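Please keep the sequence and the structure beside you while reading.

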Amino acid sequence: MGRFKSINDVWNFLNSIPMFSKVGDKATNFGLENISRFCEKIGNPQNQFKSIHVAGTNGKGTTCYLLEAVYHKAGFKTGIFISPHLLKYNERVRISGEEVKDQTILEFFQKTELVLQEIPLTYFEISTALSFWIFAKENIDIAIIETGLGGRLDSTNIIQPELSIITSIGKDHEKILGDSIEKIAFEKAGIIKKNIPVVVGNLDLESMKVVEEKVNMESSVLFKSSDLKPVYNLGMIFLGRNKEDFKTKLIEPVNAWNIAMVYLAVEVLNEKFQISKSALKDSIENFKGVPARFEKLHHSKQWFFSGSHNEQAIDAMMDAVNRIPSFKKVLILSMMKDKLKTEILSKFTRFDEVFFYEQDGERAATFSDVEEYISARKIDENTCKMILNELNTELVIFAGSFYFYSTVKRWLTENTERN
């Protein structure tokens, strides 16, 4: 009997590997050699299913979830690989909307134990290989694959997709991806493959130029969401060129671009994966949003969680915040050290009151790290619970990091139980 006798053995093994959420770039392997060798040893599962590959600084998670919803609703057997997980590891891989079962994860580790010993993989590389193995095993119709960091050397980039999508390009992870928009765009554009169509979201001129050069180099075809002229107004999303409108449940105006990309993706792939206009409209209008992406946390209170942690995403969050009528705007913030920049934290001065919570881990920002940038009050577990009881009528935004989400959900559960 091998190392992995139960799912707890898997969790213990994964928890022993450095995670990006805790230690940052020390947990990454920016290259394709190990993941390629590993997948070859287990039968190249990445070549056994059709896929859509999604990269971008912001919007890629929502775009992936939207695509999954659209294709699943249309009757296709879907797979989705996303990261990071928010509450439990199983969220990273879903089949037809259902999180992968513990038993399937355990089976992967039992079958690949010897290969894992031979070829060392990072946490994210293992998760990538696991998703490919499950998608092949489940014989899915189409997988939606989200990149982790960048694209060119991201471990997901060993697939040959039916379509590549680049949602947005902004400054984030500069230490790894490069210190300019052009360098970051070069990494994201690395998912573009020979003769494979590309859909892009709202890109600036510098990023678009880099993407267009790569598209031409690969003899691909480029489809721009800007051509659809997407507009958001109070939940209504209009695609002006095509005279389409969608009455959505989405709060952030930036979702007009996400829906435009999904609309184009479905249009481009319609010969291979046929979806009627009515089915597409129905899927988008019934889409409830994505956890941690301006998610409403309470049925009667104006409390929201936003994982926004870079300039672009925070601008999108503030656009939504400013559209919500409120007497007082309160921010409960928790961040990673590598996100501490004046241009990011200055955006939070628009809140009437800011509280800061320190997470665990060497990558997490401390209160002393933050107070030189912004006026805030430090809170801990106990003080936050007290504060929540006093904020019944205010607009409260929990933000700064996806890794803050599980803590906030626990607070709210305990708050509900007490009240």
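1. G43 counts as partly exposed, because its relative accessible area is 41% (buried means under 20% relative accessible area, exposed over 50%, and partly exposed in between, with a 1.4 Å probe and protein chains only). G43 is found in the loop between α3 (33–41) and β1 (51–55), where helices (H or I, at least four residues) and strands (E, at least two) are DSSP runs numbered from the N terminus. Although G43 and W133 are 90 residues apart along the chain, their C-alpha atoms are separated by 8.9 Å.

2. A word on the source: this is a predicted model, in which local features need pLDDT of at least 70 and side-chain atom pairs count only at pLDDT 80 or more, while totals for chains, interfaces and linings use all residues. Residues are numbered from 1 along each chain as its sequence is written, and side-chain values use heavy atoms, with hydrogens and water left out.

3. K229 lies in the loop between β8 (222–224) and β9, and its phi is near 55°, a positive value in a residue other than glycine. K229 counts as exposed because its relative accessibility is 56%. S96, in the loop between β3 and β4 (98–99), likewise has a positive phi, near 50°. These values deserve a second look, because most residues other than glycine have a negative phi, and most peptide bonds are trans.

4. The peptide bond that joins S83 and P84 is cis, with omega at about -5°. P84 is found in the loop between β2 (78–81) and β3 (93–95).

5. In which order do the three strands of the open sheet stand? The order is β9-β10-β11, and the pairing is antiparallel, where two strands pair if DSSP finds at least two bridges between them. The edge strands, each pairing on one side only, are β9 (230–233) and β11 (244–247), and the twist averages 15° from one strand to the next. Strand β10, residues 236–239, pairs with β11 over four bridges in the antiparallel sense, and L239 stands opposite E244 in β11.

6. Helix α10, residues 255–268, lies across β9, β10 and β11 and runs at about 50° to β10. Such angles run from 0 to 180 degrees between N-to-C directions, and the axes are lines fitted to C-alpha atoms, for helices over the stretch in contact, with contact meaning heavy atoms within 4.5 Å.
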